[in-house]
Amino acid sequence: MSAPPSERTVSPLIFDQGQRGRANRYVERGKALDAFLPRNLLRDELPLPENTELDVVRHYTRLSQRTFGIDVGFYPLGSCTMKYNPKVNDTLASQHEFADLHPFVPDELAQGALQVMHELERSFCSLFGMAAFSLNPSAGAQAELAALLVAKKYFRDRGETQRDKVIVPDTAHGTNPASAAMCGFTVISLKSDTRGRVDPAEIRKVLGPDTAVCMMTNPNTLGLFEERIHEVTDAVHEAGGLMYYDGANANALMGNTRPGDMGFDLMHLNTHKTFTIPHGGGGAGHGPLGVAAHLIEYLPTPYVVRDGDRYRLDFDRPKSIGPMRSFWSNFAHAVRALAYLYANGAEGLTKASQYAVLNANYLRVKIAEFLETPYPEICRHEFVASAQRLKKETGVRALDIAKALLDRNFMAPTIYFPLIVPEALMIEPTETESKETLDAFVDALREIVETAKRDPQSLMNAPVNTVVGRVDEARAARQPDLRWDPHV
Ligand SMILES: Cc1ncc(COP(=O)(O)O)c(C=O)c1O
């Protein structure tokens, strides 16, 4: 790979006496530049790169082609809901009236932007059955932390500071117990039953006067709907605890059922999943936090309030946990999410969820022909396959399958999660993929499994067709090399 243009073409910029004089005067009240810096550090020439627009376009286009994204190919990353991000969302978010607003602009001059946030909040409330949402947190994990801070303050105000336990099922995403621990709670891990669901009887065993919150994901990370959810929410409420809904999987149910109606007190959404906002690589997310009526006053500030036909940011909320981040929120994401909501309407969103479930079940049934699916029943938006049997027979692991998929122009599914499934491959197609794409993915996966049986060694070095080959993960973790090398 050649060096980027900035390394190649260089033309010297010579300072003449006049320029040097001006530079000297600029530095500080007429003091000579030489008075500040040792002579050997002063430059007579300043080499600046000289590139044509075409050079730059080619450089950045080449760089963009070295990565993989949803606009390049199928991205079945379970739990991450990598669906198509409509370009109209970006067009709207980059409108001058939104993109160039200063964060300190007075409310009076930001009425349109505040209206966007208010309408998004109201739409989320009606879609998910909550009383209010804060758009403040920047990610699902940050919203979890915000929710637990809300719970902590709520219990403190009620004089129930002994409530220091958070119950988390063993299928939960790792951020759930991590958020609870960060907030100072003790985590109680709950074992799922043989059908991959939470057993209300098991929950009852750990409930008590010290229960603060029970965090649940529904559908859970196995892609299964928690059928006895009312038994769970009732039991936790009887014990005086709060129910938290991890809404990372909301794409499975939006428009079809509502966490508020299931009895949840708090919930988060990952708009960068369900509401078609670009995400990946841990970057710029958006995790609105929803609450039932009894928790509204604890929401982060600022909160957008509508007074008649005017909107304002309310900072004066004495019981609030305060802001989770600077300024309003990841505001451009609010514009994108609202664009998606209004483009689809209630009926479109309901259908989107239904197609997501249909696509996942189509893949599940096809893939079960050649890989184990440990929970072989109707799934929601995703399902988990396992390479355990294949590994025993051939030595080929879930990791090798994932890498081999990269060679065949598919992004790998999530692997080794949830932890309760050995050699897990967690597959989520989303509603935006066509039957042709799903069939091509099944064919690629089938061919990899056949290759594993015939010539397992050939998969052990995959990927071989990608810009970066297989990395030594243990070494990368122990001896990270974080330098940028322009010549790689
Ligand atoms: C079930 C679940 N909960 C929580 C999260 C955390 O969300 P975020 O990545 O936005 O912090 C994720 C992320 O993948 C998830 O899948």
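Hi everyone, let's start with a pairing: strand S6, residues 211–217, runs parallel to strand S7, and five bridges join the two. Before I go on, please keep in mind that this is a predicted model.

Between the two strands comes a helix to bring into the picture: S6, helix H11 (residues 229–238) and S7 together make a right-handed β-α-β unit.

Now, is S7 itself mostly covered or mostly open? Mostly covered. The strand spans residues 242–247, and six of its six residues are buried. In a regular strand, side chains alternate between the two faces of the sheet. For S7, one side carries Leu-242, Tyr-244 and Asp-246, the other Met-243, Tyr-245 and Gly-247, and both faces are covered.

Let's move on to the aromatic rings. The model has 15 aromatic pairs. Take Trp-328 and Phe-331: their ring centres are 5.4 Å apart and their planes meet at 85 degrees, so this pair is edge-to-face, since over 60 degrees counts that way. Both of these residues are buried.

Phe-410 and Phe-441 make another edge-to-face pair, with 5.5 Å centre to centre and 75 degrees between the planes. Here the two partners come from distant parts of the chain, 31 residues apart. Phe-410 sits in the loop between helix H16 and strand S13, while Phe-441 belongs to helix H17, residues 435–454. Are they buried or exposed? Phe-410 has 11% relative accessibility, so it counts as buried, the cut-off being under 20%. Phe-441 is buried too, with a relative accessible area of 0%.

There is also an aromatic cluster, formed by Phe-124, Phe-128, Phe-133, Phe-275 and Tyr-340. And one ring has a charged neighbour: Lys-152 lies over the face of Phe-185, at 5.0 Å from the ring centre.

Last stop, Glu-393 in helix H15, residues 388–394. Its relative accessible area is 51%, and because exposed means over 50%, Glu-393 is exposed. Along the sequence, Glu-393 and Ala-452 are 59 residues apart, yet in space their C-alpha atoms are 9.1 Å apart.

Conventions. Residues are numbered from 1 along each chain as its sequence is written. This is a predicted model: local features need pLDDT of at least 70, side-chain atom pairs count only at pLDDT 80 or more; totals for chains, interfaces and linings use all residues. Side-chain values use heavy atoms; hydrogens and water are left out. Buried means under 20% relative accessible area, exposed over 50%, partly exposed in between (1.4 Å probe, protein chains only). Helices (H or I, at least four residues) and strands (E, at least two) are DSSP runs, numbered from the N terminus. Two strands pair if DSSP finds at least two bridges between them. A crossover is right-handed if, with the strands pointing away from the viewer, the path from the first strand over the helix to the second runs clockwise. Rings of Phe, Tyr and Trp (its six-membered ring) pair if their centres lie within 6.5 Å; planes under 30 degrees apart count as stacked, over 60 as edge-to-face and the rest as tilted. A charge sits over a ring if NZ of Lys or CZ of Arg is within 6 Å of the ring centre and within 35 degrees of the ring normal.
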